[in-house]
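Here is a short briefing on helix packing and salt bridges. Have a look at the model first, and then we can walk through it together.

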Amino acid sequence: MKRINEYKKLFGVEKELELKSLKKSYRDLVKEWHPDKFQDGDERQEEAEIKSRKIIDGYHFLVSIAPETIAANLEAYTETITNSSIADYTHKGLLLEIFFQDGSSYEYFGVTKQVYIKMINSDKLNRFAKRSIYPNYTYRRTQRTLENA
């Protein structure tokens with residue numbers, strides 16, 4: 001959740017993410033912080049490179065959790081959580097990453113340690129996830145596979 005809030009603050013996004021306003025804000029920030037805008041030897045050039053990487057990363061991250069993106073990918077997501085079992089999972093901080101047997105993986109944001117402990121202690125992992133994880137947390141598809149984890 002901290003990462004989401006940090007990127008929303010960077011782009012000046014209040015509550016709901018709208019791709020149109022996010023894209024405009026992204027373009028404005030890139031124009032302001034593009035490294036080519038600064039001369040060689042300018043002390044702000046290095047800062048601009050770091051800032052531009054953060055802007056690009058933030059933009060791609062926020063696009064991946066935007067309602068329009070989630071709606072566009074809802075059919076594939078529903079297919080995965082309905083028909084594919086959980087192959088593996090990792091939890092770090094408030095981030096739960098679930099790897100499915102069909103090869104896809106999703107990150108769920110804001111999953112507390114207490115919920116994670118309930119999940120791993122559940123005798124029916126898929127059932128617990130369908131009831132307590134999937135409908136309650138912001139998620140995004142990740143490019144990682146089980147072999148990369």
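H6 and H7 run roughly antiparallel to each other (an angle over 145 degrees). This is a predicted model, in which local features need pLDDT of at least 70, side-chain atom pairs count only at pLDDT 80 or more, and totals for chains, interfaces and linings use all residues. Residues are numbered from 1 along each chain as its sequence is written, and side-chain values use heavy atoms, without hydrogens and water.

**Helix packing**
- The axes of H6 (residues 113-121) and H7 (residues 125-133) come within 8 Å and cross at roughly 150°.
- Val115, Lys118 and Met119 of H6 make the contact (heavy atoms within 4.5 Å) with Leu125, Phe128 and Ile133 of H7.

**Salt bridges**
- The model has four salt bridges (a side-chain nitrogen of Lys or Arg within 4 Å of a carboxyl oxygen of Asp or Glu).
- One of them joins glutamate 6 and lysine 54, with the closest N and O atoms 3.1 Å apart. Glutamate 6 lies in helix H1 (residues 2-11) and lysine 54 in helix H3 (residues 43-65), so this pair ties together parts 48 residues apart in sequence.
- Arginine 140 and glutamate 107 also meet in a salt bridge, at 2.8 Å from N to O. Arginine 140 is in strand S4 (residues 138-142) and glutamate 107 in strand S3 (residues 105-109), 33 residues apart.

**Accessibility**
- Arginine 140 counts as buried (under 20% relative accessible area) at 17%, and glutamate 107 counts as buried at 9%.

Technical notes
Axes fitted to C-alpha atoms, helices over the stretch in contact; angles between N-to-C directions. Helix = DSSP H or I, 4+ residues; strand = E, 2+ residues; numbered from the N terminus. Parallel < 35°, antiparallel > 145°, perpendicular 65-115°, else oblique. Buried < 20%, exposed > 50% of the residue type's maximum accessible area, 1.4 Å probe, protein only.
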